[in-house]
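Here is a short briefing for a first look. Please keep the structure open beside the text.

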Amino acid sequence: MDDANEVAFIVDEVSNIIKESIEVTIGSQSYQQAKINTWTSNIVEAILNSLTKLNKPFKYIVSCVIMQKNGAGLHTASSCFWDNSTDGSCTVRDDIDEIFSFVIERQFAYIFF
Amino acid sequence: MADDNSARRDSSHRDSIRRQSMIRSRRQSSLNSIPRSFDRRLIRYENTYRMEPDQDRKIDIGKVKRIAQMVLDSAVKDYVYDAQNAKLLVGRLSDQIRNQMKQLPANRFKFITHVSLGQKKHQDLRVTSRCLWDVKWDRHITVSKEGKDFYVTATIFCVYSD
């Protein structure tokens, strides 16, 4: 039994990865409808790649919402049925000039000794 | 007469405040006396070696979609977007969908429900998700509904765990 195996969910590490990936992809650009598809895919794939490099025994789900700032309201809720001691989630909200984006990342333990 | 009454009221008020603060301080001190290790013990279960779900415990994705669509339709029937109760509606919706998922026969699955509700104001919106999981058993489904001035999207992820 490998008790030294770190299977805890570290929020800071993950939120840094997410913030960095949003900054790299969107930076401070304004909203461009043609690029929005590429942006969302790039953000999510970059995050997933960085998470895989951490080499932790986890399954990941990364979800990204990008919305043009128009004065419209947006409400999001998430409900999870999992094991609280091993699984966790991290949400990062980013408010750029014309774009409002937030990324939710969830992690499930998949411990296999 | 009035002065007596007010004086009595003041003293009883002061007494009750003092009593409350005493109770609070007593409660705090009793919490500190519980040893930290006692309530933070992580329970590790035995390995089950079940890499796959049983035949009758799989996720029927069609059924999940039907249930989710039903919950969504009934919740936002005749709904007009209102900023105040949209927050509550969205929370309630995701809880309802999750509770329905819990009643499925798939007992080794973990569920994530993600619901987005927004106002339609000619803006652009994109919801994306990518997952790193076991392609054989893990599934996801998205259902959405549009009204005159709102839209709602629900994504359900079902992840197998041994």
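## A residue inside chain A

S101(A) touches I22(A), V65(A), I66(A), V92(A), R93(A) and D94(A), leaving aside residues up to four places away in sequence. The model is predicted.

- S101(A) sits in strand β4 of chain A, which covers residues 99-109.
- Is S101(A) buried or exposed? Its relative accessible area is 1%, so S101(A) is buried, the cut-off being under 20%.
- I66(A), one of the residues that S101(A) touches, is 35 residues away from S101(A) along the chain. Even so, 4.3 Å separates the C-alpha atoms of S101(A) and I66(A).

**Chain A as a whole**

- Chain A contains two helices and four strands.
- Starting at the N terminus, the order of elements in chain A is α-α-β-β-β-β.
- Chain A has 113 residues, and 49% of them are buried.

**Where chain B meets chain A**

- How many residues does each chain bring to the contact? Chain B brings 45 residues and chain A brings 47 residues.
- Between chain B and chain A, about 3,900 Å² is buried. Carbon and sulfur atoms give 55% of this buried area.
- On the chain B side, R126(B), R130(B) and L132(B) lose the most area to chain A. Together these three account for 19% of what the chain B side buries.

**Polar links and the elements behind them**

- Three salt bridges are found across the interface of chain B and chain A.
- D87(A) and K110(B) form a salt bridge through their side chains, with 2.7 Å from N to O.
- Counting residues at pLDDT 80 or more, 22 residue pairs are in polar contact between chain B and chain A.
- Which elements of chain B supply at least two residues each to the side that touches chain A? They are α4, β1, β2 and β4 (150-160) of chain B.
- β1(B) gives the most to that side, with 11 residues.
- By type, the residues on the side of chain B that touches chain A are 20 nonpolar, 12 polar and 13 charged.

- Most residues other than glycine have a negative phi.
- D78(B) is not a glycine, yet its phi is positive, about 60°.
- D78(B) belongs to the loop between α3 (61-75) and α4 (83-102) of chain B.
- Why does D78(B) count as exposed? Its relative accessibility is 75%, and exposed means over 50%.
- H122(B) also is not a glycine and has a positive phi of about 60°.
- H122(B) lies in the loop of chain B that runs between β1 (109-119) and β2 (125-132).
- H122(B) counts as exposed because its relative accessibility is 83%.

Technical notes. Residues numbered from 1 in each chain as written. Chains lettered and ligands numbered in written order. Predicted model: local features only at pLDDT ≥ 70, side-chain atom pairs only at ≥ 80, totals over all residues. Heavy atoms only, no water. Buried < 20%, exposed > 50% of the residue type's maximum accessible area, 1.4 Å probe, protein only. Contact = heavy atoms within 4.5 Å. Buried area = accessible area lost by both parts, 1.4 Å probe. Salt bridge = Lys/Arg side-chain N within 4 Å of Asp/Glu carboxyl O. Polar contact = N/O pair within 3.5 Å; in protein donor to acceptor, adjacent residues only side chain to side chain. Nonpolar A, V, L, I, M, F, W, Y, C, P; charged D, E, K, R; others polar.
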